[in-house]
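I opened my notebook to look this model up piece by piece. Here is what I checked, in the order I checked it.

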Amino acid sequence: IVAFYLIVGLSCALFGLASDWELTIGAKHAAPNLSEFKLWLGTDLLGRSVMLKLIQGVYVSICVGFGTALMAAPIGILLGCVSG
């Protein structure tokens, strides 16, 4: 599951999957449309693709998680060395 999230998040950054997630694509509250990738989950109140917003959310979550870990590791190492 973690590997799947990493693949989705990194593909968002590398291939620009959700780069146009703020653009209006269709009608408000459109039903899911399996024939078009962007509309697998339908659209929201403003007509934006829910699928692209979900992919962008995965990317942001991965960035926040890795950023927090990168900031916490030096502090933990320092405190561990001092207490040892």
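**Contacts along the chain.** I started with contacts, meaning heavy atoms within 4.5 Å. Of the contacts in the protein chain with a separation of 6 or more, 37% are between residues 24 or more positions apart.

**Ground rules.** I noted that this is a predicted model, where local features need pLDDT of at least 70, side-chain atom pairs count only at pLDDT 80 or more, and totals for chains, interfaces and linings use all residues. Residues are numbered from 1 along each chain as its sequence is written, and side-chain values use heavy atoms, with hydrogens and water left out.

**Helices and strands.** I looked for DSSP runs, numbered from the N terminus: helices (H or I, at least four residues) and strands (E, at least two). The protein chain has 2 helices and 0 strands. Helix 1 covers 2-15 and helix 2 covers 50-83.

**Burial overall.** I used relative accessible area: buried is under 20%, exposed is over 50%, and partly exposed is in between (1.4 Å probe, protein chains only). The protein chain has 84 residues, and 21% of them are buried.

**Helix 1.** I counted 14 residues here, reaching 19 Å from the first C-alpha to the last. That is close to the expected 20 Å. The expected span is 1.5 Å times one less than the number of residues. Which residues of helix 1 are buried? They are Val8, Gly9, Ser11 and Cys12. Seen down the axis of helix 1, the buried residues fall within an arc of 160°, so they line one face of the helix. The arc is taken from the directions from the helix axis to the C-beta atoms. I recalled a general rule: an α-helix has 3.6 residues a turn, so residues three or four places apart point the same way. On the face turned away from the buried side, helix 1 carries the exposed residues Val2, Ala3, Ile7 and Leu14. After helix 1 comes glycine 16, with a positive phi near 65°.

**Threonine 43.** I moved on to the loop between helix 1 and helix 2, where threonine 43 is found. Threonine 43 counts as buried because its relative accessibility is 7%. Leaving out residues up to four places away in sequence, threonine 43 touches Ala27, Lys28, His29, Ala30, Arg48 and Val50.

**Aspartate 44.** This residue lies in the loop between helix 1 and helix 2. Is aspartate 44 buried or exposed? Aspartate 44 is buried, at a relative accessible area of 12%. Beyond its neighbours within four places in sequence, aspartate 44 is in contact with Lys28, His29, Val50 and Lys53. Its side chain also makes a polar contact with the side chain of lysine 53, at 2.8 Å. A polar contact is a pair of N or O atoms within 3.5 Å; within protein, one must be able to donate a hydrogen and the other to accept it, and residues adjacent in sequence count only if both atoms are side-chain atoms.

**Asparagine 33.** I found asparagine 33 in the loop between helix 1 and helix 2. Asparagine 33 is partly exposed, at 29% relative accessibility. It touches Leu39 and Trp40, not counting residues up to four places away in sequence. Asparagine 33 and threonine 43 are 10 residues apart in sequence and 9.6 Å apart in space, C-alpha to C-alpha.

**Aromatic rings.** Rings of Phe, Tyr and Trp (its six-membered ring) pair if their centres lie within 6.5 Å; planes under 30 degrees apart are stacked, over 60 edge-to-face, and the rest tilted. I got 1 aromatic pair. The rings of phenylalanine 4 and tyrosine 5 have centres 6.1 Å apart and planes at 50°, so this pair is tilted. Phenylalanine 4 is exposed, at 55%, and tyrosine 5 is partly exposed, at 44%.

**Disulfides.** I searched for cysteine sulfur atoms within 2.5 Å of each other. The count is 0 disulfides. Cysteine 63 is partly exposed, at 39%, while cysteine 81 is exposed, at 59%.
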